Amino acid sequence: MYFALQALAGAAWWLGITTLPALREATLGSLNLVLVSAFDIPLFVIASAVVALNVRRAVWVVVPWTVLVAVCMVVYATVTTEAGLGALLMIAAAVASVIAGTLMFLGHVPSERLIKGPFSFRSSHTRVRSRLLLRTTIQLMVFWGVFLLVLPAIINSFEDRWNLALKFPILVIVAGFALLAFSSVLGVWSARAIANFGSGTPLPAEMANHLVVRGPYAFVRNPMAIAGIGQGVAIGLFIGSWMVVVYALAGSLLWNWLIRPHEEADLKERFGAEYEDYAERVSCWVPRLDRS
């Protein structure tokens, strides 16, 4: 079904750029229309339609082509400052095509490979509170630095380079600052709860030795994730970058789909009925009002 939608979207886009000059400029820039169509229509539009007809081998045509076009469009838009919207759309198409193609051949996304090695779930070897708090602090600094400073800065630079930046109202920027403060407090509170009550850290390789049901975990099962999502969105609002907001929301969806099921399976295996009872009482994302 996805590849059928992709074929229809591709056909609609080609029809649009031949009739709407503004759409052509925003998504194709000054690239030669005839040359691009000679490759893209058969390898993207028609190949997607063929995959939709259950000819699975055509996946090996449309997916690599979509990824290649996405890479080329990113380079082109970055060098020329043209067709930024086209680069963004192709990035989304490439990610979706890879996921859909993987589902067709494997029946699932092999997300279990994301929790191997240093990211595998293991309990912390130390239970000394001072060491746990130090390690937790270092982990927060590293993760916040990478995911809330470095990556948003890179995304924002592409947004400016591709001429996709939008001016946010001052109230939105203020709201972003307030959300950042709230989410950061929640993140620190959650991390300290893991160290104090669970004898562990937020890092998967040094997880809690005891099920944490106190602090923010008494209200929701994933306060650290909620804090991270809120921080990402807040950074986007604060620096006036809608692409950073999308990055934060997309990352939360991928985490919820790819990582959370494995994390909950590990908790169920380690804590058994204690975790099952906790999961029944406490909601995953939204606090319950009838917590009697």
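How are H9 and H10 oriented to each other? In this predicted model, the axes of helix H9 (residues 242-271) and helix H10 (residues 273-281) cross at roughly 130 degrees and come within 6 Å, and H9 and H10 are therefore oblique to each other. The points below take up this contact, then a pocket, and then the salt bridges.

**Helices H9 and H10**
- Two packed helices are described by the angle between their axes and the distance between the axes.
- On the H9 side the contact is made by Glu 264, Leu 267, Lys 268 and Phe 271, while H10 contributes Ala 273, Glu 274, Tyr 275 and Glu 276.
- Sorted by class, the residues of this contact of H9 with H10 comprise 4 nonpolar and 4 charged, with no polar ones.

**The second largest pocket**
- The second largest pocket holds about 620 Å³ of space, and its lining is made up of 27 residues, of which Trp 13, Asp 40, Val 69, Met 73 and Met 90 lie nearest its centre.
- Two or more lining residues come from each of helix H1 (2-19), helix H2 (21-28), helix H3 (33-52), helix H4 (59-80) and helix H5 (84-106), and H1 gives the most, with 7 residues.
- The lining of this pocket has 22 nonpolar residues, 4 polar and 1 charged.

**Salt bridges**
- Side chains of opposite charge can pair when their charged atoms come close.
- The whole structure contains 6 salt bridges, one of which joins Arg 221 to Glu 264, with the closest N and O atoms 3.2 Å apart.
- Arg 221 lies in the loop between helix H7 (170-198) and helix H8 (223-239), whereas Glu 264 belongs to helix H9, so the pair ties together parts that are 43 residues apart in sequence.

Definitions and conventions
Residues numbered from 1 in each chain as written. Predicted model: local features only at pLDDT ≥ 70, side-chain atom pairs only at ≥ 80, totals over all residues. Heavy atoms only, no water. Axes fitted to C-alpha atoms, helices over the stretch in contact; angles between N-to-C directions. Helix = DSSP H or I, 4+ residues; strand = E, 2+ residues; numbered from the N terminus. Parallel < 35°, antiparallel > 145°, perpendicular 65-115°, else oblique. Contact = heavy atoms within 4.5 Å. Nonpolar A, V, L, I, M, F, W, Y, C, P; charged D, E, K, R; others polar. 1 Å grid on protein atoms, 1.4 Å probe; cavity = no way out; pocket = protein on both sides within 12 Å on 5 of 7 lines; lining within 4 Å. Points joined across faces, edges and corners; volume = space filled by probe spheres on them. Salt bridge = Lys/Arg side-chain N within 4 Å of Asp/Glu carboxyl O.
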